[in-house]
Structures are given as structure tokens and as C-alpha cells.
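Dear colleague,

Please find the structure below, handed over for your reference. My notes on the helices follow it.

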Amino acid sequence: MSQLEDEISDVLNKAIRGLGKTSSEVARAAGIDEVGLIALLGGSMDEVVISKLAAVLNLDPAALLGLPSYQP
């Protein structure tokens, strides 16, 4: 069965685009290196990086971290 819900990387990409920012700008604002952001957008899970990005992107870190276990 195909997945209909967004994954963390989908949510982050949409938030970045919605703010009209580049990944470099967001990484710099979050105090992380762009390699860490690229890894996260590629599917890596890093709670610290997710929390830092959530703050910059005005997202709820707990909700983002709960996405992998979310069952509709």
C-alpha cells in the first residue's frame, strides 16, 4: 500500500518553500550545517537537528518527531 501521509522530509521541504528560503538559509538560521539538513531531507533521523529546524520553520518539534509512528 502506498503512503498518503507526508514524511518529515516532505513537511520540512514544504515549510522551507513556504517561507521562500533556501536550504542554506534555513540551515544557517538553525545553526546546523547544510550537510545535516540534506541528510535529514534524505530520510536521516536526528532529533536535535529536527528540533532546531522546527524552531526556525515555525513547526512543532514534537509533532514532527511523532510523524514516523503516526497511524491514521
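Which residues in α1 meet which residues in α4? I8, L12, A15 and I16 in α1 meet I50, L53 and L57 in α4, where a contact means heavy atoms within 4.5 Å. By class, this contact has seven nonpolar, no polar and no charged residues. For these classes, Ala, Val, Leu, Ile, Met, Phe, Trp, Tyr, Cys and Pro count as nonpolar, Asp, Glu, Lys and Arg as charged, and the others, Gly among them, as polar.

Before the details, a word on the basis of these notes. This is a predicted model, in which local features need pLDDT of at least 70 and side-chain atom pairs count only at pLDDT 80 or more, while totals for chains, interfaces and linings use all residues. Residues are numbered from 1 along each chain as its sequence is written, and side-chain values use heavy atoms, with hydrogens and water left out. Helices are DSSP runs (H or I, at least four residues), numbered from the N terminus.

The packing of α1 and α4

The axes of α1 and α4 are 10 Å apart, and the two helices pack at an angle of about 30 degrees. Axes here are lines fitted to C-alpha atoms, for helices over the stretch in contact, and angles run from 0 to 180 degrees between N-to-C directions. The helices α1 and α4 are therefore roughly parallel to each other (angles under 35 degrees count as roughly parallel, and 65 to 115 as roughly perpendicular).

Helix α1

The buried residues of α1 are I8, S9, L12, A15 and I16; buried means under 20% relative accessible area and exposed over 50%, with a 1.4 Å probe and protein chains only. Seen down the axis of α1, these buried residues fall within an arc of 130 degrees, so they line one face of the helix. The arc is that of the directions from the helix axis to the C-beta atoms. The buried residues of α1 pack against α2, α3 (34–41), α4 and α5 (61–66).

S9 lies in α1, which spans residues 8–18, and is buried at a relative accessible area of 12%. Leaving aside residues up to four places away in sequence, S9 touches L40 and L41. On the face of α1 turned away from its buried side are the exposed residues R17 and G18. R17 has a relative accessibility of 58% and counts as exposed. R17 and L59 are 42 residues apart in sequence and 14 Å apart in space, C-alpha to C-alpha. After α1 comes G20, whose phi is positive, near 70 degrees.

In α4, the buried residues are V49, I50, L53, A54 and L57. They cover an arc of only 135 degrees around the axis, which puts them on the same side of α4. The cover over these buried residues of α4 includes α1, α2, α3 and α5. The face of α4 turned away from its buried side carries the exposed residues E47, V48 and A55.

How do α2 and α4 cross? The axes of α2 (residues 23–30) and α4 (residues 47–57) come within 9 Å and cross at roughly 110 degrees. That makes α2 roughly perpendicular to α4. V26, A29 and A30 in α2 meet K52, L53, V56 and L57 in α4. The residues of this contact divide into six nonpolar, no polar and one charged.

With kind regards

Note on methods: Parallel < 35°, antiparallel > 145°, perpendicular 65-115°, else oblique.
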